[in-house]
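Q: Please take a close look at how the parts of this assembly meet, within each chain and between the chains. I would like one connected account of the contact surfaces.

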Amino acid sequence: MNRVISTLLLQRLVQAGLVAWVVGTLTFILTRALPGDMAFRIAAGRYGYEQVNAEAAAAVQAELGLDQSPLIAYFHWLSDLLSLDLGHSLVSGESVVSELAHQLGHSLDLALMAMLLALVIGVPVGILSGLRPNGWVDRLALVSAVALRSLPPFVIGLLLIMLFAVQLGWLPAAGHGGGSHLWLPAMALALGLAAVSARVTRHGMARVAGSPYYAFSRTRGLSEGQTLARHGLRNVAVPVIAYLSVQLVYLVEGVVVIESLFAWPGIGHALVHAVVARDVPMIQGTALVMGLLFVTLNTLVDLVSLYIDPRRRLS
Amino acid sequence: MKAIMEVHDLSVTTSEGATLVWPISFTLEAGVPLTLLGETGSGKSLLAQALMGNLPPALNASGRVIIDGENLLEMPPQQRRRWWGRRMTMLPQEPWHALDPTMRVGAQINEGHRLVAGLEPAAARHAMYDDLEGLGLADSEFKLPAQLSGGMAQRAAFAAARAGNAPIVIADEPTKGLDSARRDDVVRLLAQALGSNGGLLTITHDIAVAEQLGGTVMIMRRGECLESGSAETLLKAPQSAYGQQLMAANPQHWLARHQHFNPADDTVLQARSVSLSRGGKSLFDNLTLNLYRGEVLGINGASGSGKSSLGDLLLGLVKPDAGKVERAPGIASTRFLKLYQDPPAAFSPFWSLGTLLHDLCRLHKLSWDSVPPLMERLGLAPDLLERRSDSISGGELQRFSILRALLLEPVFLFADEPTSRLDPITQQQTLELLVELARERHCALLLVSHDKALIDHACDRQLSLEAPIRG
């Protein structure tokens, strides 16, 4: 048992290192490959577009050493990364780590809330559909799932804003403040996730409900509720939890879009701003954190799978 | 004698009106086991489900099933549901699949005592320990079903099914896939459970189970009861033609083969001083073996003795710890094949058999011309090609497996318990066809079975593996 967990954690740690290196290197190459003059963009980010002239750009170039060879810049960045120094934002001058620490919390709030909502919506719908396959709940759920999953998160977000903020006026349209600001962006992400979770749950439930062990539990005298609670839910949870790790791609990607749409001050929002301002250390930092977030959430999913499925703990 | 369950004209029909089980009547008496014997697919399992009241929604049961003056079939489903586990219980086929794969064995027995029998937590735990102890599962409390052998899983399922102390036990093919020693254990358990006040209805295709249980035996075919009587007289001298055929097909009554095979020097496969161990125990050591074309070699032994591993090793699916297996040179690797024990697991249920065979022919560039004559030889009607594997009988499907293997003109065929899931008559027919076709085509056949009588009958040579000491 402990060996299974320590092997898993070790694997994930190695993976995290690889992700950090690959994501960092790719963002480095991509930012260098972007069209337009880097120094001009950074100066614009600092002083505003109207104030930028060749002198300001030259000053930025000299200050940041932008004229040095890319290879040297890359190794500088790599050695800084190894000493856990992510540098300073070219725009605000703040250290990247402190900016990220601030934004990461907001992104985690959003991501975890979205995941929670997705499970709260998707799992019960899936169980109801799976207990009566091809019944009306199942068919309605299938149509809704296809519709929700075909829409990109920002369209769902816009529809939610139009309905709940503009028409009904129940929730704020964007921004960050009290708890009420979290609902719409979290829901915009959660609906797409819930659509897939509901289908995975539905198939799991139908398979479990038709299994010989489900029938045996009934004929040896357990009630329908006891059978579902003791032999249904855990077995259904196995594929649902496992599939969550596939869904994480959708989640992390969605965070970037949804944060920008709802002006949510998380790392996704910061990434988009950093790309526009060509703030290379911030781009690298945010992409890095999102990559590591992906690995961390995956590890969590694995640990939960290990917890609920004792078969996986057999070495 | 006290009648514990009376069944009058019970029949099972589909919603379209087709009859699957013809009206059948019998009485289950306290303390006297009743065994339904018949071919696979003869509606025996449907009968068990009709008695329990858990037929699939598309099927209907009619007639009367009387327990304590109440007609089970007219009872509202909710009320009947409360009888399950408490007044009647069903011992499942395939115990491995009947236990929850993600719950520890102890907990699955414990929940029966606590939730069905209604014991206090401490008393339920106590009852669970008694069960485990009594069934030789003392160290299995924290094991998962996948860690149990077939026999152990059947005993655990037995304890779980009986935890609610239901006096009536319906056992549906309780010995399917078990070797003879495990089978005898299960039969002993069933007889114990019966006691003097309980009722036991066993449904099986295994004549030995009926013999050992004694009591009353009914012979069923195609959903119809052909005859019934006491086990002693009926099994010795059945009156119906089918009953006589069934007894004759019992491997115990088969004649041993006396004709000896003279190997021409036509070696297909040679194993040179191979050894294999599993879990620290040696299965066989320094074994040297030659297989010749056209010969039938039997391997006999209890489960866990390494019979199937030896077959897999000869086929090259398992690497020996020491020694090596050499194939005759110049023969395509697709001509060394295996025939599996469980035919449904060896076919995709999503495509018609015709499609599967056409795919096979296309893949190996075979001509379809050889299929129809072979189907005729194997007694497979052409219209079966349009069906899928889950809608034909086990015997037919196993003959399709044989057909599929023979199309590739094998020189070596490893048949792993190929007939253990078939009823005696189908078993005999299938096995005889397999042996005949293999000889005819000069294919070396390696036949693995736990049934000594079957090996004696069918094989030119045999090898017996000692069972390892079981924990």
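A: In this predicted model, the domain assignment divides chain B into domain 1, residues 3-250, and domain 2, residues 267-464. Taken over C-alpha atoms, the centres of domain 1 of chain B and domain 2 of chain B are 32 Å apart. Their contact involves 17 residues of domain 1 of chain B and ten residues of domain 2 of chain B. Between them, domain 1 of chain B and domain 2 of chain B bury about 1200 Å², with 54% of that area contributed by carbon and sulfur atoms. The count of salt bridges between domain 1 of chain B and domain 2 of chain B is zero, and the rule likewise finds zero residue pairs in polar contact across this interface where both residues are at pLDDT 80 or more.

On the side of domain 1 of chain B that touches domain 2 of chain B, the elements giving two or more residues are α7 (180-194) and α10 (241-248) of chain B. Of these, α10(B) gives the most, with four residues. By class, this side of domain 1 of chain B consists of six nonpolar, six polar and five charged residues.

Chain A is also assigned two domains: domain 1 covers residues 2-82 and domain 2 covers residues 96-313. A separation of 31 Å is found between the C-alpha centres of domain 1 of chain A and domain 2 of chain A. In the contact, 23 residues of domain 1 of chain A face 18 residues of domain 2 of chain A. About 1800 Å² is buried between these two domains of chain A, and carbon and sulfur atoms give 71% of this area.

What charged pairing joins the two domains of chain A? The count between domain 1 of chain A and domain 2 of chain A is one salt bridge. It is formed by the side chains of A:R12 and A:D302, at 2.3 Å from N to O. Across this interface of chain A, the rule also finds one residue pair in polar contact, with both residues at pLDDT 80 or more. The side of domain 1 of chain A that touches domain 2 of chain A receives two or more residues from each of α1 (2-33), α2 (38-47) and α4 (70-82) of chain A. The largest share, 14 residues, comes from α1(A). Sorted by class, this side of domain 1 of chain A has 15 nonpolar, six polar and two charged residues.

An unreviewed entry lists residues 104-305 of chain A as "domain: ABC transmembrane type-1". In the model, that span of chain A is 84% helix and 0% strand, and its end C-alpha atoms are 25 Å apart. As "transmembrane region", UniProt (unreviewed entry) lists six spans of chain A, including residues 12-31, 151-170, 182-201 and 287-308. Residues 151-170 of chain A are 75% helix and 0% strand, with end C-alpha atoms 23 Å apart. Residues 182-201 of chain A are 100% helix and 0% strand, and their end C-alpha atoms lie 26 Å apart.

The remaining surface is the one between the chains. Here 21 residues of chain A are in contact with 29 residues of chain B. The area that chain A and chain B bury between them is about 2100 Å², of which 56% lies on carbon and sulfur atoms. Within chain A, the residues that lose the most area to chain B are A:F216, A:T219 and A:R220, which together account for 33% of what that side buries.

Between chain A and chain B, the count is four salt bridges. One of them joins the side chains of B:R81 and A:E224, with N and O 2.6 Å apart. The rule also finds 14 residue pairs in polar contact across the interface of chain A and chain B, both residues of each pair being at pLDDT 80 or more. On the side of chain A that touches chain B, at least two residues each are supplied by α9 (212-219) and α10 (224-261) of chain A. The element giving the most to this side is α10(A), with seven residues. The residues of chain A on this side comprise six nonpolar, seven polar and eight charged.

Conventions
Residues are numbered from 1 along each chain as its sequence is written. Chains are lettered from A and ligands numbered from 1 in the order in which they are written. This is a predicted model: local features need pLDDT of at least 70, side-chain atom pairs count only at pLDDT 80 or more; totals for chains, interfaces and linings use all residues. Side-chain values use heavy atoms; hydrogens and water are left out. Domain bounds come from an automatic or database domain assignment. Contact means heavy atoms within 4.5 Å. Buried area is the accessible area (1.4 Å probe) that two parts lose on being put together, summed over both. A polar contact is a pair of N or O atoms within 3.5 Å; within protein, one must be able to donate a hydrogen and the other to accept it, and residues adjacent in sequence count only if both atoms are side-chain atoms. Ala, Val, Leu, Ile, Met, Phe, Trp, Tyr, Cys and Pro count as nonpolar, Asp, Glu, Lys and Arg as charged, and the others, Gly among them, as polar. UniProt positions are given in the numbering used here, feature names are shortened, and annotations may be inferred rather than shown by experiment.
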